Amino acid sequence: MSVWLFFCLGPTDQEGMWDGAMETPEEEGRTFMQVISEKYSPENFPYRRGPGMGVVVVPSGPQGSPMKDRLNLPSVLVLNGCGISRAGDEGEIAAFCAHVVELDLSHNKLQDWHEISKIVSNIPNLDFLNLSSNPLSDSVLEPSCAESFIRVRRLVLNNTRVSWETVHTFTREIPELVELFLCLNEYDSVTPSAVPCPSLRLLHITDNNLQDWDEVRKFGAMFPGLDTLIMANNNLASIQDSGDTLCRLFPNLRSINLHNSGLNRWDDIEKLNCFPKLEEVRLLGIPLLQTYTNTERRSLIIAQLPSVSVLNGSVVTEGEREDAERFFIRYHLGYPEEELPYRYHSLVTKYGKLAPLADVDLRPRCHAKVEVHCEDKVELVSIRLDQTVAELKKQLRTVVQLSTNNMRVYYIDKEVGCAFGPEELKYNARALHSYSIRDGDEILVVPKSK
């Protein structure tokens with residue numbers, strides 16, 4: 001649906017609108033509206049690209065105004081790294097940004113929540129807001145200011161080092177907050193909130209320093225509806241709660257990412273089964289799995305987590321699960337009874353005690369010991385199967401005392417030779433392995449002169 005906003009400006013309004021922005025010293029940063037006017041000016045976007053794209057402004061001022069004849073604003077505004085420190089005129093923001101649903105203000109100079117609230121409060125349809133890498137650690141967020149964010153459902157605060165008090169203010173004041181990103185904020189602990197946020201479904205809190213499960217468990221009470229917990233690169237040491245506690249704390253958790261954590265016990269992997277709705281797990285780069293091959297890692301984890309249908313981004317098929325569970329049983333053959341994991345006994349009940357797989361070497365044979373017959377002479381010779389017929393004849397010269405030009409060579413398969421007779425090796429470039437020569441077979445050399 002197209003969003004057309006007609007905004008009439010008089011000469012006085014225009015001059016005030018643009019002159020103030022242009023006179024702002026560079027070191028003080030730029031306004032939100034100043035950056036919009038420059039980035040989305042007609043010079044940069046001279047043509048509208050289809051219906052529903054942007055806002056058309058019809059000025060009433062003189063020709064040659066900075067606005068020209070239109071300002072093309074998409075519904076997704078990307079204004080990262082533009083030096084923005086202030087909002088600018090709120091009326092202009094409201095006029096030009098009513099249709100905006102996503103706003104990226106990352107890597108700017110915003111350090112005052114009041115300035116940010118002036119922007120957000122005038123964008124009534126804003127669903128996604130990215131404030132990553134703005135210097136907001138020292139700014140205090142008042143509840144009245146946070147009310148401006150009431151319609152935001154996805155909030156990104158990566159590398160802002162905002163306090164937990166600020167986070168809690170947002171989760172209290174935004175009733176439909178669904179996704180929250182708190183990466184790279186140097187958190188080593190979690191301050192619990194007295195008021196839970198039941199609407200939150202995804203918490204992305206990677207690249208912090210949450211090593212103690214006593215801190216992570218606080219997310220359960222804070223976000224009871226949590227569906228996805230992404231906390232890679234936190235060096236989490238272990239999962240310390242009992243199964244009943246994990247079930248109570250995270251009743252709705254469907255996906256967890258523990259990439260590059262510090263988990264080093266199989267008991268921690270088994271505890272993941274206590275999350276009643278868990279379907280997806282990511283576990284790359286943990287110390288526990290460093291000594292295993294890639295195949296062993298995946299098979300052992302799949303066997304340990306019967307309810308997980310996606311592991312490290314790949315779907316677990318029924319066939320793969322059965323192979324992994326059978327591998328798990330065989331892998332633990334010979335373990336002392338007291339060292340066998342609980343899952344082993346469950347799988348033995350399902351499949352029985354499986355015998356070890358036969359060790360079959362499927363690599364192609366490189367050599368064969370054959371009997372070389374020439375007239376009345378018989379000699380056991382080891383030959384390379386990767387060589388050609390011509391190379392074999394050279395090898396046989398010293399055995400049969402004949403030149404290669406004066407010999408005819410035949411191959412006799414000991415198993416079927418009686419039925420088919422000797423096969424002459426007359427193609428000099430053909431490799432010996434193509435004849436399926438095995439130990440005990442015969443090579444018959446006949447002089448050509450005979």
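In this predicted model, His107 lies in the loop that runs between strand 4 (102-104) and helix 4 (113-120). His107 is not a glycine, and yet its phi is positive, at about 55°. A second residue of this kind is Glu375, whose phi is near 55°, again a positive value in a residue other than glycine. Glu375 sits in the loop between strand 14 (367-374) and strand 15 (377-384), and with a relative accessible area of 54% Glu375 is exposed.

**The protein as a whole**

The secondary structure of the protein comes to 15 helices and 18 strands. Of the 450 residues in the protein, 46% are buried.

Two packed helices are described by the angle between their axes and by the distance between the axes.

| Helix pair | Axes come within | Crossing angle |
|---|---|---|
| Helix 11 (residues 294-304) and helix 12 | 8 Å | roughly 100° |
| Helix 12 (residues 318-331) and helix 13 (residues 342-351) | 9 Å | roughly 115° |

The axes of helix 11 and helix 12 cross at roughly 100°, and that makes helix 11 roughly perpendicular to helix 12. On the side of helix 11 the contact is made by Glu296, Arg298, Ser299, Leu300, Ile302, Ala303 and Gln304, while helix 12 contributes Glu320, Arg321, Ala324, Glu325, Phe327, Phe328 and Tyr331. Sorted by class, the contact of helix 11 with helix 12 has seven nonpolar, two polar and five charged residues.

In helix 12, Glu322, Glu325, Arg326, Phe328 and Ile329 meet Arg343, Tyr344, Leu347, Val348, Lys350 and Tyr351 in helix 13. The residues of the contact of helix 12 with helix 13 divide into six nonpolar, no polar and five charged.

Helix 6 (residues 164-173) is mostly covered, since seven of its 10 residues are buried. Which residues of helix 6 are buried? They are Trp164, Thr166, Val167, His168, Thr169, Phe170 and Thr171. The buried residues of helix 6 pack against helix 4, helix 5 (143-146), strand 6 (154-156), strand 7 (179-181) and helix 8 (218-222).

Thr160 lies in the loop between strand 6 and helix 6, and at 2% relative accessibility Thr160 counts as buried. When its neighbours within four places in sequence are left aside, Thr160 is in contact with Leu131, Ser132, Ser133, Asn134, Leu136, Ser137 and Asn185.

**Two further buried residues**

Leu396 lies in helix 14 (residues 389-400). Is Leu396 buried or exposed? At 0% relative accessibility, Leu396 counts as buried. Once its neighbours within four places in sequence are set aside, the residues in contact with Leu396 are Val372, Gln401, Met407, Val409, Ile443 and Val445. For one of these, Val409, the separation from Leu396 is 13 residues in sequence and 9.6 Å in space, C-alpha to C-alpha.

Glu280 has its place in strand 11 (residues 280-282). Although Glu280 belongs to the residues classed as charged, Glu280 is buried, with a relative accessible area of 15%. Not counting residues up to four places away in sequence, Glu280 touches Arg254, Ser255, Ile256, Val308 and Val310.

**Cysteines**

How many disulfides does the structure hold? The structure holds zero disulfides. The closest cysteine sulfur to that of Cys247 is in Cys274, at 7.9 Å, which is too far for a bond, because a disulfide calls for a pair of cysteine sulfur atoms within 2.5 Å. Cys247 is partly exposed, with a relative accessible area of 35%, whereas Cys183 is buried, with a relative accessible area of 5%.

Terms used
Residues are numbered from 1 along each chain as its sequence is written. This is a predicted model: local features need pLDDT of at least 70, side-chain atom pairs count only at pLDDT 80 or more; totals for chains, interfaces and linings use all residues. Side-chain values use heavy atoms; hydrogens and water are left out. Axes are lines fitted to C-alpha atoms, for helices over the stretch in contact, and angles run from 0 to 180 degrees between N-to-C directions. Helices (H or I, at least four residues) and strands (E, at least two) are DSSP runs, numbered from the N terminus. Contact means heavy atoms within 4.5 Å. Buried means under 20% relative accessible area, exposed over 50%, partly exposed in between (1.4 Å probe, protein chains only). Angles under 35 degrees count as roughly parallel, over 145 as roughly antiparallel, 65 to 115 as roughly perpendicular and the rest as oblique.
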